[in-house]
Amino acid sequence: MTGNKIENKGGMFFAAMLQINSTLEKLDLGDCDLGMQSVIAFATVLTQNQTIKGITLNRPILYGEQDESTVHLGHMLKENHWLAELHMSKHDVKNCGLKHLCDALYLNRSLRYLDVSCNKITHDGMVFLAAVLKSNTTLEVIDLSFNRLENAGAKNLSETLTSHNRSLKALSVVSCSIEGEGLVALSQSMKTNPILSNIYIWGNKFDEATCMAYAGLIQMGRLKPDNTDVEPFVVDGHVYLAEVSNGLKKHYYWTPTYGNALCHSSNAGFSLVPVGQQL
């Protein structure tokens, strides 16, 4: 249903349907101009629905500054033990809202793919996420792209990924205002964490140490070229990083004019967590 302006009224119809439907496994209501009422209705109905494995609630039209929608979605995650994939991009999630979600993830044992890209999360929010990742063993893919994590947020994540978490497979921090220090810290975590296989870093502030670190990971075979969105090249003896068209869901809403539209490296999130992969 992506992009169809069904608005709040249409969202309520879908929520009502999910109360009785027992076959639908995946539902994409991104960019449908859902309102707060329908987002809350989805959160409520998903506490009971046992068949929906993936839902997209990107870019609802929300009014209010209290992260009300994340309160309800957090409560849903505490009660729901079947949902594997949740997309909340452009959802106006702030640090307080992320805390509600992280509190729920201490109890949730089904969610494998969390997308909170394009929100208002900062490095303070990474304290909550890093803490829950120390004990959560089900999350495999996290998309934090286009949030303002900065070095402090990246270092919080890297510490957890280095010493505690051994379940996360893919992390996207594209365009998160991270500089060399934070990016190098994330690269160091890959040397000690054997499970983290995919990392996406384009759009941040690369320095020479960053370029050397990721070039080294690729050259030693620790980071496969298909599992990241950068590629090293050398000019006048200096290493730089170029962008590569890989990502968690590069070709989800469109397909390229050439090449393989179903390339796993472009839609790595759905390859790692194949809920409704055929879509």
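**Close-up views of a predicted model**

**View 1. The aromatic residues Phe 206 and Trp 202.** Phe 206 is partly exposed, since its relative accessible area is 25%, a value that falls between the limits of under 20% for buried and over 50% for exposed. Trp 202 is likewise classed as partly exposed, with a relative accessible area of 28%. The structure shown is a predicted model, in which two aromatic pairs are counted. In one of them, the ring centres of Trp 202 and Phe 206 lie 5.7 Å apart and the ring planes meet at 70°, so the pair is described as edge-to-face.

**View 2. The whole protein as the setting for the close-ups.** Nine helices and nine strands are found in the protein. Its radius of gyration is 19 Å, close to the 19 Å given by the globule rule for 279 residues, and the protein is therefore as compact as a globular protein of that length. Along the principal axes, the C-alpha atoms occupy a box of roughly 60 × 40 × 30 Å. Of the 279 residues, 52% count as buried, while the accessible surface amounts to about 12,300 Å², with 54% of that area belonging to carbon and sulfur atoms. Among contacts with a separation of 6 or more, 79% are between residues 24 or more positions apart.

Definitions and conventions:
Residues are numbered from 1 along each chain as its sequence is written. This is a predicted model: local features need pLDDT of at least 70, side-chain atom pairs count only at pLDDT 80 or more; totals for chains, interfaces and linings use all residues. Side-chain values use heavy atoms; hydrogens and water are left out. Helices (H or I, at least four residues) and strands (E, at least two) are DSSP runs, numbered from the N terminus. The radius of gyration is taken over C-alpha atoms; the globule rule is 2.2 Å times the number of residues to the power 0.38. Buried means under 20% relative accessible area, exposed over 50%, partly exposed in between (1.4 Å probe, protein chains only). Contact means heavy atoms within 4.5 Å. Accessible areas come from the Shrake-Rupley method with a 1.4 Å probe; for residues, only the protein chains shown count as cover. Rings of Phe, Tyr and Trp (its six-membered ring) pair if their centres lie within 6.5 Å; planes under 30 degrees apart count as stacked, over 60 as edge-to-face and the rest as tilted.
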